[in-house]
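Colleague: Please give me a close look at one interface in this model. Then follow up with whatever else you can show me inside the chains.

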Amino acid sequence: MSRELTNRVFSTATWFAAGLCGLVLFFMFAIITWNGIRAINFEFLFAASRNFGAAGGIFYQIIGSLLLILFAALICLPLALGTAIFKSEYLHNARVQKLCAILVYGLNGVPSVIFGIFGLIFFVNVLQTGVSWFVGSIILAIMMLPTVVLAAYHAINSVPEIYRESASALGLNRWQVIVKVLLPQATSGAISGLFLGLARAIGETAPIMFIATAFSGIDIPGSFLDPVTSLPTHILALAQQAVDARALENAWGASLVLISLVTVFSTLGLWGRMKLKTSSLR
Amino acid sequence: MKNNIHKSMKNLATLTLDSLFLILVFSCSRTASVQVAGSTTVLPVVSKAAEQFRVKHADVNIIVNAGGSGVGINQLAERKIDLGMASRDITQIELTNYPEVDFVTHTIGRDAVVPVVSSEVFDSGVQALTLAQIGKIYLGEIRNWQEAGGPEREILVVDKEQSRGTRHVFMQVVLGDKVAAAPGADLVLGSNNEEQTAIAQSDAAIGMLSNAWINKDVRGLSIIMPDGSLVQPELANIANGSFPITRALLLISNGPPRGDVRTFIDFVLSEEGQTIVEEAGYVRLK
Amino acid sequence: MSASSRIGKGYVVGSTFLSAAMILVIILFLLMNSWDAIRQTGLQLFTSEWNPAQDKFGILPMICGSVAITAIAIAIALPLGIATAIFTSEVLPAGLRLYVKSLLELLAGIPSIIYGLIGVVFLSVWVEQAFDLQSGRTVFTGGLLLAVMVLPTIVTLSDDALHHVPQKYREAAKSLGFYNYEVIRNAVLPIAKPDIIGAALLGLGRVLGETMAVMLVVGSIDRIPEPFYNVFVPGQTLTSKLGREIAETAFGSLHFSAMIFMGLILLVFVLLVTTISLTYFYNPEDRLYE
């Protein structure tokens with residue numbers, strides 16, 4: 001084959017691959033949006049679900065999902081900030097740093113179902129918490145920990161050394177430097193990472209389906225030890241009755257709402273990340 | 001080391017629990033709750049009953065979860081829930097697993113497990129089978145609908161997860177062992193809903209479903225009895241026991257039911273509750 | 001050291017310890033809880049019959065299913081993803097690239113349960129019709145679904161890898177009179193290769209551990225296909241087995257223990273892949289989080 005022909009074949013192939021890829025992904029989006037929009041109306045968003053989710057809405061599923069990730073965020077943030085500060089300000093031994101990185105970022109690789117199983121063993125069975133939304137929040141917090149640590153760590157690292165030095169020169173001790181100079185920066189970074197983490201956490205089913213959610217009968221949990229209903233587990237229940245047109249319609253509706261929430265969180269996260277990038281370039 | 005982690009995790013958990021509790025005070029209008037989980041066959045009844053129960057007892061939440069009979073029995077025994085739903089009896093293994101648990105069963109209605117087929121198969125002539133034929137299909141000895149009087153099409157044999165109540169009852173009658181292996185199976189699914197969906201999506205499937213899940217896409221087969229008579233899957237035949245695969249729908253409590261659990265069981269057994277059982281497609285108690 | 005300093009240091013040390021220990025705690029708990037199965041069932045765990053009623057806990061069908069699905073997904077997603085990445089990084093105008101990248105990130109965030117829904121409603125039906133199968137719930141369907149799911153991730157990461165190759169290499173190659181194709185093959189790809197391998201491994205880890213989408217479309221039968229390379233039949237993966245069966249096993253029973261053992265095997269597989277990727281190919285601290 002002549003070089004020119006090869007080149008042409010190659011370039012056609014990349015166009016083709018990109019086209020196919022775009023088509024598939026566009027199809028995904030179109031299907032969810034098209035089917036979802038038809039299901040969504042005021043009642044769907046603000047009514048409780050009835051009849052196995054085939055009737056009524058998804059109000060309490062939305063509340064449940066938000067509750068789960070709100071507390072996941074509250075648990076995750078302080079932990080991630082502490083870890084990021086320690087890693088960047090106290091930990092100087094390269095080997096320990098590498099080890100620490102592998103352990104923390106390794107969590108990112110742990111399959112989501114494993115988090116669910118760990119929660120089932122440790123909280124539900126060993127600590128005897130029973131099926132509880134709060135346990136779900138803890139597990140989701142652990143799951144998104146690496147993302148948030150990484151974001152906070154980047155933010156701290158982007159603080160120029162001169163800030164630290166001038167703060168020390170002003171007579172601030174090490175911890176005061178951390179609190180006054182690094183923490184604000186770290187927090188804003190961590191929060192953008194947090195949004196990315198939440199975008200993933202809110203869509204997760206496997207970590208919470210054994211330990212935190214119920215099928216029906218719960219609206220707003222009365223205590224920390226009650227289960228909740230959530231969007232992903234609701235979609236799971238509806239997906240299993242996919243031949244029932246009403247159930248399927250509601251499944252698409254719930255999916256679109258879930259994707260919208262995911263999109264809101266990832267956009268906030270990406271936006272924060274972009275801002276961070278530009279500010280660290282300055 | 002392990003102990004330390006254990007301890008510090010526990011401390012952290014309680015610490016966060018305590019501090020966060022204050023934040024959540026607003027939503028703590030402390031309602032009592034009864035947690036129910038298990039069989040997807042019993043689920044529609046309990047779900048519906050829970051909705052109506054709530055109207056009268058606004059202060060009690062009945063939290064309902066699916067999972068299957070096995071889940072219901074296990075979680076009850078492990079005290080994760082207050083009431084288990086089951087569409088089969090408790091097995092010997094389960095009883096020996098939990099010697100300290102006092103399982104008390106409450107029958108709330110009756111149901112049949114019906115061999116079902118895709119509507120295409122039904123319409124092309126397979127409307128009744130003998131138990132032996134069904135058994136052979138699940139054992140993999142009959143593989144084509146032609147051998148059972150149907151079209152020339154390979155059978156899609158849909159099985160259920162092993163601890164499911166529907167499967168126990170079905171296999172007990174068809175193969176004589178409630179945990180019998182089914183080497184002929186092609187798919188293994190879980191809930192009634194999921195099984196119904198797969199059979200409706202196929203044009204050559206056979207499966208086992210609760211009587212209440214039969215519809216125009218998923219048709220129930222009549223059973224050809226040894227004497228040659230036909231028994232149709234109908235409520236009357238389930239009620240008088242002539243349909244060969246019937247079962248009791250159970251709620252199971254740990255010890256004699258007390259308090260809200262007792263009130264709820266009583267509600268399901270009341271006239272109002274029994275109407276729900278009937279509306280769900282099951283046979284009410286007399 | 002002042003009191004606030006001490007408390008502060010305690011806090012950061014404590015949280016680091018907790019964060020770093022978490023993964024060890026998880027492994028430890030899986031190990032402890034699968035110990036019964038390892039001790040009592042031993043090598044019988046690696047046989048092909050799973051029947052809890054008879055205390056038979058062979059997990060080979062699940063391992064085969066996981067391997068098969070992962071292989072299919074990566075075999076489809078990797079070439080397609082890399083080719084697409086070449087397009088976004090080398091062909092697409094820089095202005096558009098940013099939009100495409102953001103879109104890809106959003107697509108990468110679609111929750112797996114929604115892929116499961118699409119799999120049940122569309123993909124399994126299509127596969128059934130296209131290949132004239134008895135049932136569309138097959139190993140292949142699972143692999144195809146996961147290929148679509150992991151595609152945005154592979155494209156973004158490979159695109160980053162290609163984009164990080166300094167412009168001067170391209171210019172040098174071009175000045176030698178190379179065609180575009182030759183520039184990419186001889187100058188860009190070799191430099192980006194480690195990062196692309198890292199992307200592939202990361203995608204592989206994700207596919208291996210994916211539960212919800214697989215669980216709904218794979219057919220869930222604990223059987224090694226015959227012949228073993230026949231992917232157009234139902235199967236089971238480690239994750240789908242766990243998702244379906246863990247809740248109905250009694251805590252502390254041999255059945256439970258065998259299930260946890262499967263979880264442990266899965267975790268070991270995935271961690272192995274991730275660690276290789278983290279150690280040799282891919283350092284998350286070089287990039288802004290994925």
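Modeller: Start where chain B meets chain A: 32 residues of chain B are in contact (heavy atoms within 4.5 Å) with 36 residues of chain A. This is a predicted model, where local features need pLDDT of at least 70 and side-chain atom pairs count only at pLDDT 80 or more, while totals for chains, interfaces and linings use all residues. Residues are numbered from 1 along each chain as its sequence is written, chains are lettered from A and ligands numbered from 1 in the order written, and side-chain values use heavy atoms, without hydrogens and water.

About 2,900 Å² is buried between chains B and A. That is the accessible area (1.4 Å probe) the two parts lose on being put together, summed over both. Carbon and sulfur atoms give 64% of it.

Now the polar side. Eight residue pairs, both at pLDDT 80 or more, are in polar contact. Such a contact is a pair of N or O atoms within 3.5 Å; within protein, one must be able to donate a hydrogen and the other to accept it, and residues adjacent in sequence count only if both atoms are side-chain atoms.

Which parts of chain B touch chain A? Helix 1 (2-23), strand 1 (32-38), helix 2 (43-56), strand 2 (60-65) and helix 8 (192-201) each supply at least two residues. Helices (H or I, at least four residues) and strands (E, at least two) are DSSP runs, numbered from the N terminus. Helix 1 of chain B gives the most, with seven residues. By class, this side of chain B has 13 nonpolar, twelve polar and seven charged residues.

Next, strand 4 (residues 103-118) of chain B. Twelve of its 16 residues are buried (under 20% relative accessible area, 1.4 Å probe, protein chains only). Strand 4 pairs (at least two DSSP bridges) with strand 12 (residues 246-254) of chain B, antiparallel, over nine bridges. There, Phe103(B) has Asn254(B) as its bridge partner. Five bridges join strand 4 of chain B to strand 8 (residues 205-210), also antiparallel. In strand 8 of chain B, Gly207(B) partners Val116(B).

Last, Lys101(C), in helix 3 (residues 94-108) of chain C. Lys101(C) is buried, at 10% relative accessible area. Its side chain reaches the backbone oxygen of Thr156(C) at 3.3 Å.

Notes
Nonpolar A, V, L, I, M, F, W, Y, C, P; charged D, E, K, R; others polar. Buried < 20%, exposed > 50% of the residue type's maximum accessible area, 1.4 Å probe, protein only.
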